[in-house]
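Here's a quick briefing to read with the structure open beside you.

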Amino acid sequence: MAQKCAIGLISALAASASLAKSKVASADGPFNLSGFSTSANPQQQASPPPPSLAGEESSAPPRARNDNPRTSSGGFDPEALERGAKALKEINHSSYAKKVFESIKQQEETKQTEFATKAQEFKAMQAQAETERHKVIYDEQKKLAQHQAQTKSQMARYEDDLARKRMQAENEFHRTRNQELVKMQEDSAIRQEQARRATEEQIQAQRRQTEREKAEIERETIRVKAIAEAEGRAHEARLAEDVNRRMLVDRANAEREKWVAAINTTFDHIGGGLRAILTDQNKLIVAVGGVTALAAGIYTTREGAKVIWSYVDRILGQPSLIRESSRGKYPWSGSLSRVMSTLRGKESASKNGKRFGDVILHPPLAKRIEHLATSTANTKLHQAPFRNILLHGPPGTGKTMAARELARKSGLDYALMTGGDVAPLGAQAVTKIHELFDWGKKSKRGLLLFIDEADAFLCERNKTYMSEAQRSALNALLFRTGDQSKDIVLALATNRPGDLDSAVADRVDEVLEFPLPGEEERFKLLNLYLEKYIAEAGPSKPGLFDRLFKKEQQKIEIKGVTEELLKEAAAKTEGFSGREIAKLMASVQAAVYGSEDCVLDSMLFREVVDYKVAEHQQRRKLAGVDSK
């Protein structure tokens, strides 16, 4: 029985030893459980490896060489087992077998208890190590978060410092740049002012020189014209001297006899009346009283009429600033003139086949003015606010005529004033400006107020030579034109639009530029003024006085002035304005009247054209403008 127990104990010890060995290896602990030792060899431990299962395919690496023939191929040495079996036999035969077994059992339980205690200690150490590891990880993460937050804060402060420094640098740069720009603007303004003054002085000198030469040319022209007219009149007078002398003598004798008879009869009546009055005292007193009462009544009536007329003129009359108007001086005086001007404009337009009568413009500009006239008429019809207009361009290009035609075609009244009339008014200028706008608002049709030479009145307010009265008048006009008006269209004409005040330019809604006429326009103007000054010039229906005391006018005969000649003249007159072309045709008319036979031929026409072209180039040269 004891032998069976010992054998079972040995097999259990061997299994537990192998299990303990595997557990110790898997736990990676420092534990070393000793196996069962016999008394014969206590230092040697039995740790046989577990046998491999039969029929199991091994995937282990190749077996090592076994030098000990008793060792199995798996590395198991049965020598220890044999010693154990031998020891068990000796113990089994011994009388202390039970005590040895109890001692071994107690020793094994002690070993198991120590092993369990060490396993628990190892688990506790492992848990503590895990806790320490988590704590270290948490501390590291906390430090990392703090370091990241500190880094972000430092980066933000650094970016703020950089932005502040950049803004300071930009502000300093802008301030320096603004100072430089202000300085450059001041220097430029000073240079411009100096250049403007020098240019104005040069222009004034050239203008004075031009005026002197122009006066000399006009005097010479007048002298030549007077000589030619005197020679023509002398020639005609010599032809009809006898007839005129006899007619004048007969007429003078008849008139003298008639007036002598009338004077004698009058004095006879006056003498008889005076004698009757002087001889009768009552008649004398009545006559003196009647004459005195009549004189008093005439004086009283005259002075009263002056007072009443001044009041009516102040209430209903036309403002003194208006030079020309289609309304007439009083409300009732312009109706007939407006009807007649409208009829004349329609007849002129239908006769000439032009949309603007005597105004010849570039086709795009004429189309734009016609569109503006139509829109202005529709604006008045729908009670919408009018748009103000600025007309600028060289002198004599038809700005005033275009404004008048614009008012006529749009159905508005027309009033013309010049900017040079405002400055002489002095302190009264503001009152006159307000009277002008109040008068314009009374127009039922609407009024187109045309201010010619507007730069003389509406120039920049910071000009040093501008008087306080003129500045106040400009402010008054700006006050009356601050809002869009439904009664007045303000049309400004100037040759120098850059001199206008910025506030005045802000009031302008439409800007129309009037350039010098092109070759086609010059050809049309030559045709127009040829018909006006040459073809239509001549004798009109004379009155009784003209038939008695004036000589009969001659009709101008045109020979050789063809369309090709007019086109040639249009090509030569490059740079001429419309006014200069009109003056050219007036010079042609004067040259024709200065000739003996009153005939316009191609030679005379070319001579006058060449003379006026040379005069135009000389004027441009004196004015400092290079001729083309």
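Ile 389 has Ala 491 of β5 as its bridge partner, and that pairing is a handy way into this predicted model. β2 and β5 run parallel and are joined by 4 bridges. On the overall tally, the protein has 16 helices and 8 strands.

**β5 and its partner strands**

- β4 also pairs with β5, again in the parallel sense, over 5 bridges.
- If you want a spot to look at in that pairing, Leu 447 stands opposite Ile 488 in β5.
- How many of the 7 residues of β5 are buried? It's 7 of the 7, so β5 is largely enclosed by the rest of the structure.
- In a regular strand, side chains alternate between the two faces of the sheet.
- Both faces of β5 are covered. On one side you'll find Ile 488, Leu 490, Leu 492 and Thr 494, and on the other Val 489, Ala 491 and Ala 493, all of them buried.

**The nonpolar cores**

- The largest nonpolar core has 31 residues. Ile 433, Leu 449, Ile 451, Leu 458, Leu 477 and Leu 492 are the ones with the most contacts inside it.
- Several elements each put at least two residues into this core: the strands β3 (413–418), β4 (447–452) and β5 (488–494), plus the helices α9 (429–441), α10 (468–480) and α11 (502–507).
- Which residues does Leu 477 contact, leaving aside neighbours within four places in sequence? They are Ile 433, Phe 437, Ile 451, Phe 457, Leu 458 and Leu 490.
- Another core, of 29 residues, lies apart from the largest one, and Leu 566, Ile 581, Val 588 and Cys 598 are among its members.

**Ala 407 in α8**

- Ala 407 sits in helix α8. Its relative accessibility is 0%, so Ala 407 counts as buried, the cut-off being under 20%.
- Not counting residues up to four places away in sequence, Ala 407 touches Leu 412, Asp 413, Tyr 414 and Leu 448.
- Ala 407 and Val 489 are 82 residues apart in sequence, and their C-alpha atoms are 9.3 Å apart in space.

**Cavities**

- Rolling a probe the size of a water molecule over the atoms shows where empty space is left.
- The structure holds 2 cavities of 30 Å³ or more.
- The largest cavity contains about 40 Å³ of space. Its lining is made of Leu 565, Glu 568, Ala 569, Lys 572, Phe 605, Arg 606 and Val 609.
- α14 (563–572) and α16 (602–622) each give at least two residues to that lining, with α14 providing the largest share, 4 residues.
- By class, the lining of the largest cavity has 4 nonpolar and 3 charged residues, and no polar ones.
- The second largest cavity has a volume of about 40 Å³. Lining it are Ile 369, Ile 389, Leu 391, Ala 402, Ala 403, Leu 406, Leu 512 and Phe 514.
- β2 and α8 (399–410) are the elements that give two or more residues to the lining of the second largest cavity. α8 gives the most, with 3 residues.
- What classes of residue line the second largest cavity? There are 8 nonpolar, no polar and no charged residues.

**Two non-glycine residues with positive phi**

- Gln 383 isn't a glycine, yet it has a positive phi of about 55°.
- You'll find Gln 383 in the loop between α7 (363–381) and β2 (389–392).
- Is Gln 383 buried or partly exposed? With a relative accessible area of 49%, Gln 383 is partly exposed.
- Cys 598 also isn't a glycine, and its positive phi is near 55°.
- Cys 598 is in the loop between α15 (578–594) and β8 (599–600).

**Whole-chain numbers**

- Buried residues make up 26% of the 628 residues in the protein.
- Of the contacts with a separation of 6 or more, 76% are between residues 24 or more positions apart.

Conventions: Residues numbered from 1 in each chain as written. Predicted model: local features only at pLDDT ≥ 70, side-chain atom pairs only at ≥ 80, totals over all residues. Heavy atoms only, no water. Buried < 20%, exposed > 50% of the residue type's maximum accessible area, 1.4 Å probe, protein only. Core = buried A, V, L, I, M, F, W, Y, C linked by side-chain atoms within 4.5 Å. Contact = heavy atoms within 4.5 Å. 1 Å grid on protein atoms, 1.4 Å probe; cavity = no way out; pocket = protein on both sides within 12 Å on 5 of 7 lines; lining within 4 Å. Points joined across faces, edges and corners; volume = space filled by probe spheres on them. Nonpolar A, V, L, I, M, F, W, Y, C, P; charged D, E, K, R; others polar. Pairing = 2+ DSSP bridges.
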